[in-house]
Amino acid sequence: MKNALAKYRKWSWYEATARERIAALLDSGSFTEFIGPEKREISPHLVLFDLPEAFDDGIIVGRGMVQSRQVLLAAQEGRFMGGTFGEVHGAKLVGLLRYARDDQDAPRVVLLLLDTGGVRLQEANVGELAVSEIIRAVLEARMAGVTVIAMIGGRAGCFGGGGIIAGCCSRIVISEQGRTSVSGPEVIETNMGVEEFDSRDRPLVWRTTGGKTRRLLGGADAYAEDSIDSFRDAAFSLLDRIPAFELDTVEKEHARLAQRLEKFGQCHDAPEIWKAMGIAEPDGIADLSDEVFNQIAQAQKEANHDAR
Amino acid sequence: MEKLQIHQKAARRASGGKSHGITGVVASGNLEVLLERVLDGTECEVNIKTSVEGFDAVWRAVINDFIERHSPGGLRISINDGGARPDTVSLRLAQGVRLMEADR
């Protein structure tokens, strides 16, 4: 079994399913799932739309060990309904975060393996409520001293309410394949027109929402290669650099966002921002290897501000 | 959505000691298979919910073939299908019984 899992560790995070990510991220045999698929806590709404259900409603929550350290974790399955937040899906995550908040014996680290397009449209109102409850639960857990780390590198990216939830976490890890934002490319194009944003222009989508851009701007705190091993290492490298969750941190972050707008508000595309940041070859960022990119990102003040 | 139930006796009980396992994802052209060791003797029950209607005969052929090859006695198998092809269904079912072969 150990050898069987070893092969997953080098596996692409992007290609892996949520359960494969968990199996390879955690120490072998250490995972205990809460409300597993055999409990059949399925969405009560999808049947009304004659749509297929999943036994875990697209999210797996539980506890386990990473390099002998206890963690709680939640993993969204981006391929089921786009990893969207429905009523049950959201409630499972809220329960996990409240457990971390309330039980002093619970692990003090929560890993959120986000892979989501946002609220599940078929469960619109309860989905929105779920996102609000999750945001509150993340913030309350952080106030109770829990570290919540978002890991973004899946097929669905991390959009809509998922983008807001990620922004509320203690730290964010992202890969080049990872994308995060609130309104996704198709939503922007639908509302504002193709001249504002062409969602079929893949390089543009990645330059705007992709992992490299997010990391350089400081919207993500660590950059991982697209492997489960690299995500684990990147997340754990952040654990000793968790900002205090207090008013001072929030005020610093607001000041930093105001500065960012002032500095880069006139830029029309990501390479203009990178140029303004003093990066030598801004047009070549997309082609850089993960290793070289990480060196550049780590040297950037903008990317490594204490207040994210 | 179409629901199907297939009830059949297998030649032997499924090996391993795992009480339940799941494999696959409900997505277009894919399916999830939940296996639970809850039935007596060599009974096997397969419950299918599929988004593609009218393939009753194909499902029965695929499941009968699976039960003959893998002898999943004692297992209740529940499937949520997003329109997977028969070969994908066979593969997931085989992955499922392999999963159940673990000790716990």
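This is a predicted model: local features need pLDDT of at least 70, side-chain atom pairs count only at pLDDT 80 or more; totals for chains, interfaces and linings use all residues.
Good morning. I begin with chain B, where helix α1, residues 56-70, and helix α2, residues 86-100, pack at an angle of about 35 degrees with their axes 10 Å apart. The crossing of α1(B) and α2(B) is right-handed. On the α1(B) side, the contact is made by B:V58, B:V62, B:F66 and B:H70, and on the α2(B) side by B:P86, B:V89, B:S90, B:L93, B:A94 and B:V97. Sorted by class, the residues of this helix contact comprise eight nonpolar and two polar, with no charged residue among them.

Let me turn to the meeting of the two chains. Here 14 residues of chain B are in contact with 11 residues of chain A. Which elements of chain B give two or more residues to the side that touches chain A? They are β2 (20-24), β3 (31-37) and β5 (75-81) of chain B. The largest share, three residues, comes from β3(B). As for the classes on this side of chain B, six residues are nonpolar, four are polar and four are charged.

I move now to chain A and its sheet. This is an open sheet of seven strands, in the order β1-β2-β3-β4-β5-β6-β7, and its pairing is mixed. Which strands stand at the edges? They are β1 and β7 (222-224) of chain A; each has a single partner strand, so one side of each is left without a neighbour in the sheet. From one strand to the next, the twist averages 25 degrees.

Within that sheet, I would draw attention to one pair of strands. Strand β4 of chain A, residues 109-114, runs parallel to strand β5 of chain A, residues 147-152, and six bridges join them.

Next, some individual residues in the loops of chain A. A:D57 has a positive phi of about 50 degrees, although it is not a glycine. A:D57 lies in the loop between β1 (32-34) and β2 (59-66) of chain A. Is A:D57 buried or exposed? A:D57 is buried, because 29 other C-beta atoms lie within 10 Å.

A:M81 likewise is not a glycine, and has a positive phi of about 50 degrees. The loop that holds A:M81 runs between β3 (69-76) and α3 (87-102) of chain A. A:M81 counts as buried because it has 28 C-beta neighbours inside 10 Å.

Finally, A:L46 and A:G162 are 116 residues apart along the chain, and their C-alpha atoms are separated by 20 Å.

That concludes my presentation. Thank you.

Methods
Residues are numbered from 1 along each chain as its sequence is written. Chains are lettered from A and ligands numbered from 1 in the order in which they are written. Helices (H or I, at least four residues) and strands (E, at least two) are DSSP runs, numbered from the N terminus. A residue is buried if 20 or more other C-beta atoms lie within 10 Å of its own, exposed if 12 or fewer, and partly exposed in between; C-beta atoms are placed from the backbone. Axes are lines fitted to C-alpha atoms, for helices over the stretch in contact, and angles run from 0 to 180 degrees between N-to-C directions. A crossing is left-handed if the near helix is turned anticlockwise from the far one by less than a right angle, and right-handed if clockwise. Two residues are in contact if their C-beta atoms, placed from the backbone, lie within 7 Å. Ala, Val, Leu, Ile, Met, Phe, Trp, Tyr, Cys and Pro count as nonpolar, Asp, Glu, Lys and Arg as charged, and the others, Gly among them, as polar. Two strands pair if DSSP finds at least two bridges between them.
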